[in-house]
Amino acid sequence: MQTATIRPVQLPFDCIRSNLARAGLLLVLLLWSLACQADDNTLHRGLGPEPDALDIHLAQSLSALNVLRDLHEGLVSFNARAELIPGAARGWTISDDGRTWTFELDDSARWSDGEPILAEHFVAGWRRALDPATGSPTVGLLDVVVGARARRMGQASADAVGIRAVAPDRLEIELVRPVPWLAELLTHPVTYPWAGDASRFSGPFMLAQRIPGSHIALLANPYWREAEQISLDAVRWHVIEEPNVELSRYRAGQLHITETIPPGRLAWLRELFGDELRIAPYLGSFFLVFNHQREPFADNLALRQALSLAIDRELLTERVLGAGEVPAWQLVPPGMPGWPKTDPGDPRSQAERIAEAQRLYRQAGYSERRPLRVELRFNTSLAHRRMAAAVAAMWREHLGVQTRQVNEEWKVFVANRRQGRITEIVRGGWIADWRDAANFLQLFESDSPLNYSFWHDAEFDRLMTQAGSASGEQRLELLRQAEQRMLEQQVIIPLYYYVSRHLVHADVEGFEDNLMDIHLSRWLSLR
Amino acid sequence: MLNFSLKRLASAVPTLFLLITFAFFLIRIAPGGPFDSERALPPEIEANLAAKYHLDEPLLFQYGRYLWQIVRLDFGPSFHYLDWTVNDLIAQGAPVSFTLGALALILALLIGIPIGAWAAFRQNRPADYSVMSIAMIGISVPNFVMAPLLILLFAIILGWLPAGGWEFTPSRMVLPVVTLALPMIAYIARITRGSMIEVLHSSFIRTARAKGMPEKDVLIHHALKPALLPVISYLGPAAAAILTGSVVVERIFTIPGIGSYFVQGALNRDYTLVMGVVILYGILIILFNFLVDLLYAWLDPRIRYDDAEIGP
């Protein structure tokens, strides 16, 4: 008969005789397990700076809007490609005159405590937003609604505002004029429903924890109308201001998606991460703005054109900025509805452009003996500093312009740019609030608080006013003419279009590049 | 001693008052306001915001209102982080900064003092030179170089520790604490060495040695205590600074302490947040300098603060 002796298995741990050494090893293992601790099915996303507020009526920053789109849902929402889809509203109808929109609410729409979302909650939200005591910075977006402007200025009662709950599941919005982009506007948090306090959420996720300067933790909302479609259990948005720090955390395996990438390291990142690096067109423009109310740029078109032509945009974007930016010759970014898919650019070669720039420069009354002395003003940022140095060098080399680069702290810059008393050329830029060319062009209307060029042009204003009351292709044509007008007048020097830049881990599914750079967590999952 | 303590505490009140007054008006002199942003707001909306935060009142009125708030320990709402009051932000961030700072301080003392003393004991020998050279490197290499190097090595290459983020767990604390402690270790080691050398040459040490006392006892029982006086003077302001967080370390390791509020608050013109952290820092500086003076008396029998006890 065969007998088997079972010998106890000796674990490596047993070989360690000293209790002190065992305790040490245990401590190391504990630290190791804590370091490697991975919560299952939690998506870790970089957020950028701390959001200014998670109150739907106070939030303004991009980071706040990203989190709020996970926590709440408006009448209209986005799919993974950031195209409009019905949100809390099942559908809507528009009156013949285009001024009354009626929304049918989805009867399965629920707050995070299971209570139904009703039309009156939208009315309550808009009333709170428009109440001057709330101090909402984004409420101006509602100005297209009847009575909204008067109400936010404290000149009308809340009842005078054109939003009504005609039935518990039916909402009517009355506009001062037809607004083709209203559906897009209704994706903005300032239009979301309000349940009387900030502890209830109408979106696919709900707030679980918030530590300022660290992270915002969300949990899937079981009462959300399409809760079964959410694949993630939780989402953790990490507040990380420095792109280099964010990159380190991504490389250390702590993030699935980054908010951005550090500037000037594109080739290295491409080599290191391959397909995980996602660079895509984005509806944003970067430009330099002339101050038209001061010498030397007031009434000097030739000089403005000369300075624009002397800048080699390809060189600037490829060699100086190097984070995927696209050279720009227009204000409205390509891909905007009614606009071409790519910037047609300037058909001349760079050498021809420079020759023309030199001719115009002389025509404007400047020469080597009498060079232009100008200030180029920008706020503190590595990318801006590089841009300014390159632009100044190009102007000097081709025209002999003497540029003083003025780097200002953010708030000082914003105040100076706004007052326009000492500025000559300032850096400008705009990112689309919604997919509509008017969103960019309105910056240059005479009465716009955002018109840092102080350019006042009756023809441009007329085209914009006409576009405001037109619709369809006619409206787009008027907007194109308006853009043409301001480009001909060289109100600004377009330099480049922004691109969205993310690192997306191979385990993440459902992330689709899109022009708005909006990626709701509800469409994302982990392999 | 009681007299001295009461006097010191009484003098802290006008000091703090002056600090609050200067800070209040200085931050308001800076161009730009808390609600200036890339997207300039329509004037009516700006007026609504100004009214909500009482910024439309005359400055002296605002100052009076602020002093009254401070008396009630209410630092007001943050102008930039709109969901929070300054009390909230400090209450959430201070424990993190205090923990990190205290751990770094303890680590720096535990390592800095022994190696400084040892270097003094081995003065002008290879051990002394090597310790002091390493200390010099520790002082010279700034945090913003050391922190990314530590992250690269321990988080990215070796994968032993997280690259950043905060929890009250050892794995999250190791790298930031070490980064904060390294330059302090170097400072403390250099200060200890210098003062220890001076003490070792003094007559009471010669006497102890002449009596045949073992060298170890001379060092620990007689030389160390007086040699620590300069370290203690250094520790007062250093402790206040390190406990209120480090901008660089907090940003690189994404730690939610209060260090970054000093810079972010000023850049955002977040008037109330700047005031909150300045007052906290002021209180800590006053408190630690007071504690240093008390420690002095304990360490050096020649120092007495009450007039009657001053020796010849």
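Colleague: What share of the residues of chain A count as buried, and what makes a residue buried here?

Modeller: Of the 527 residues of chain A, 44% count as buried, where buried means that 20 or more other C-beta atoms, placed from the backbone, lie within 10 Å of the residue's own, exposed means 12 or fewer, and partly exposed lies in between. This is a predicted model, in which local features need pLDDT of at least 70 and side-chain atom pairs count only at pLDDT 80 or more, whereas totals for chains, interfaces and linings use all residues. Residues are numbered from 1 along each chain as its sequence is written, while chains are lettered from A and ligands numbered from 1 in the order in which they are written.

Colleague: Why does Asn124(B) count as exposed, and why does Arg269(B) count as buried?

Modeller: Asn124(B) has 9 C-beta neighbours inside 10 Å and therefore counts as exposed. Arg269(B) has 23 such neighbours inside 10 Å, so Arg269(B) counts as buried. Asn124(B) has a positive phi of about 60 degrees although it is not a glycine, and Asn124(B) sits in the loop between H4 and helix H5 (126–140) of chain B. For Arg269(B), phi is near 55 degrees, again positive in a residue other than glycine, and the location is the loop between H12 and helix H13 (271–299) of chain B. Helices are DSSP runs of H or I with at least four residues, strands are runs of E with at least two, and both are numbered from the N terminus.

Colleague: What makes a set of residues a nonpolar core, and which residues touch the most other members of the largest one?

Modeller: A nonpolar core is a set of buried Ala, Val, Leu, Ile, Met, Phe, Trp, Tyr and Cys residues joined through C-beta atoms within 7 Å. The largest has 126 residues, among which Leu142(A), Ala104(B) and Ile188(B) touch the most other members. H7(B) gives the most to this core, with 15 residues, and at least three residues come from each of domain 1 (1–72 + 204–257 + 504–527) and domain 2 (73–202) of chain A, the bounds being taken from an automatic or database domain assignment. Leaving aside neighbours within four places in sequence, Leu142(A) is in contact with Trp126(A), Ala129(A), Leu130(A), Ala148(A) and Val190(A), contact meaning that the C-beta atoms, placed from the backbone, lie within 7 Å. A second, separate core of 67 residues includes Val426(A), Trp430(A), Val491(A) and Ile493(A).

Colleague: How many residues of chain B are in contact with chain A, and how do the residues of that side divide?

Modeller: There are 41 residues of chain B in contact with 42 residues of chain A. Helices that each supply at least two residues of this side of chain B include helix H2 (43–52), helix H4 (86–121) and helix H7 (170–200), and H2(B) provides the largest share, five residues. The residues of this side divide into 22 nonpolar, 12 polar and seven charged; Ala, Val, Leu, Ile, Met, Phe, Trp, Tyr, Cys and Pro count as nonpolar, Asp, Glu, Lys and Arg as charged, and the others, Gly among them, as polar.

Colleague: How many bridges join strand S4 (residues 89–94) of chain A to strand S5 (residues 100–105) of chain A, and in which sense do they run, parallel or antiparallel?

Modeller: Five bridges join S4(A) to S5(A), and the two run antiparallel. Trp92(A) stands opposite Phe103(A) in S5(A). The two strands form a hairpin with five residues between them, and Gly98(A) in the turn has a positive phi of about 75 degrees.

Colleague: Which residues of chain A does a cis peptide bond join, and what is omega there?

Modeller: The bond joins Glu295(A) and Pro296(A), with omega at about 5 degrees. Pro296(A) is found in the loop between strand S11 (277–290) and helix H9 (301–309) of chain A.

Technical notes: Two residues are in contact if their C-beta atoms, placed from the backbone, lie within 7 Å. Two strands pair if DSSP finds at least two bridges between them.
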